[in-house]
Amino acid sequence: MTSNLFSQRFVALNFIFAAVLITTGYLIQPVHLQDGLNVGNLLLAHENQDLFIWSFRILVFGNFMAIMGLTGLGSLLRTNSIHPVLQPGIIVCCLALLLSSLAEGYFMDMGAWGGWKLTTIEQSNQEPFVGSMDVTYQWVSCFRRMGYMFFCLGLIPVGLAFSKDSFFSKVIGYVAMAFGVLGIAVMLIDDSGTGFYPVVRTAYTLFFLLLAYRCWNNLK
């Protein structure tokens, strides 16, 4: 295997592992604390603490493998004419994944620590305790929204670059741009809803698999 093919397949494997780990991390979460911080969810997180913690570890590792894959893709195409358009999109996507990882790390810690803490205080004090977390919870929820929204923003120049290069399917480029615009519009209009997040997450994991397929098949 040539060194170039080795590099291409290294990038492809990062995308494959990213898609698998991100999807697995979300699917095995016993409770989605990100969508609601309350006594019931915290106690459920505590009851399933090991699985709860590992689900976030798997998810965040997936995010960082996606960052490695995107960075590697930019390096593979650094001599390509689309690189000046592609690279800014990749950087924004990577920063968005970093923001998402910081938010997920908070939810993991609050679920593990907060769930345990509830078991040490009287029931009458549990609601006030959870209420004391609300300001930080809202702040980190904004981080989470920014992660999804700015990943959609990064998809726009990435899709534009793909649509201008014969290596990538123009259809993939157009779909990436359209989805990026749609995602931003939906999250700006419905600025308190979280229902679109799973759609974005599914879209970019499928996108990673498409990139993996193309990189594995001898990027030139």
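Hi everyone, and thanks for coming. One thing before we start: what you see is a predicted model.

The largest nonpolar core has 44 residues. Which residues have the most contacts inside it? They are L73 and F208. Six helices each supply at least two residues of this core: α1, which spans 3-27, α3 at 49-76, α4 at 83-118, α6 at 134-163, α7 at 170-189, and α8. Apart from that core lies another one, of 18 residues, and among them are V31, F107, F129 and V140.

Now find L73 on your screen. Leaving aside residues up to four places away in sequence, L73 touches V11, F15, F162, F168, L211 and C215. Keep F162 and L211 in mind, please, as we will meet both again.

Next, let's look at how helices pack. In general, two packed helices are described by the angle between their axes and the distance between the axes.

The opening pair is α6 and α7. Their axes come within 7 Å and cross at roughly 155°. Angles over 145 degrees count as roughly antiparallel, so α6 and α7 are roughly antiparallel to each other. The crossing here is left-handed. As for what makes up the contact of α6 with α7, there are 17 nonpolar residues, five polar and two charged.

Now α6 with α8. How far apart are the axes of α6 and α8? The distance is 11 Å, and the angle is about 40°. That makes α6 and α8 oblique to each other. Their crossing is left-handed. On the α6 side, the residues that meet α8 are R144, R145, Y148, F151, C152, L155, V158 and F162. Facing them from α8 are Y197, V200, R201, Y204, F207, F208 and L211.

Let's finish with one more residue in α8, which covers residues 197-216: T205. Is T205 buried or exposed? Its relative accessible area is 6%, and since buried means under 20%, T205 is buried. What does T205 touch, not counting residues up to four places away in sequence? The partners are A19, I22 and T23. Thank you!

Definitions and conventions: Residues numbered from 1 in each chain as written. Predicted model: local features only at pLDDT ≥ 70, side-chain atom pairs only at ≥ 80, totals over all residues. Heavy atoms only, no water. Helix = DSSP H or I, 4+ residues; strand = E, 2+ residues; numbered from the N terminus. Buried < 20%, exposed > 50% of the residue type's maximum accessible area, 1.4 Å probe, protein only. Contact = heavy atoms within 4.5 Å. Core = buried A, V, L, I, M, F, W, Y, C linked by side-chain atoms within 4.5 Å. Axes fitted to C-alpha atoms, helices over the stretch in contact; angles between N-to-C directions. Parallel < 35°, antiparallel > 145°, perpendicular 65-115°, else oblique. Left-handed = near helix turned anticlockwise from the far one by under 90°. Nonpolar A, V, L, I, M, F, W, Y, C, P; charged D, E, K, R; others polar.
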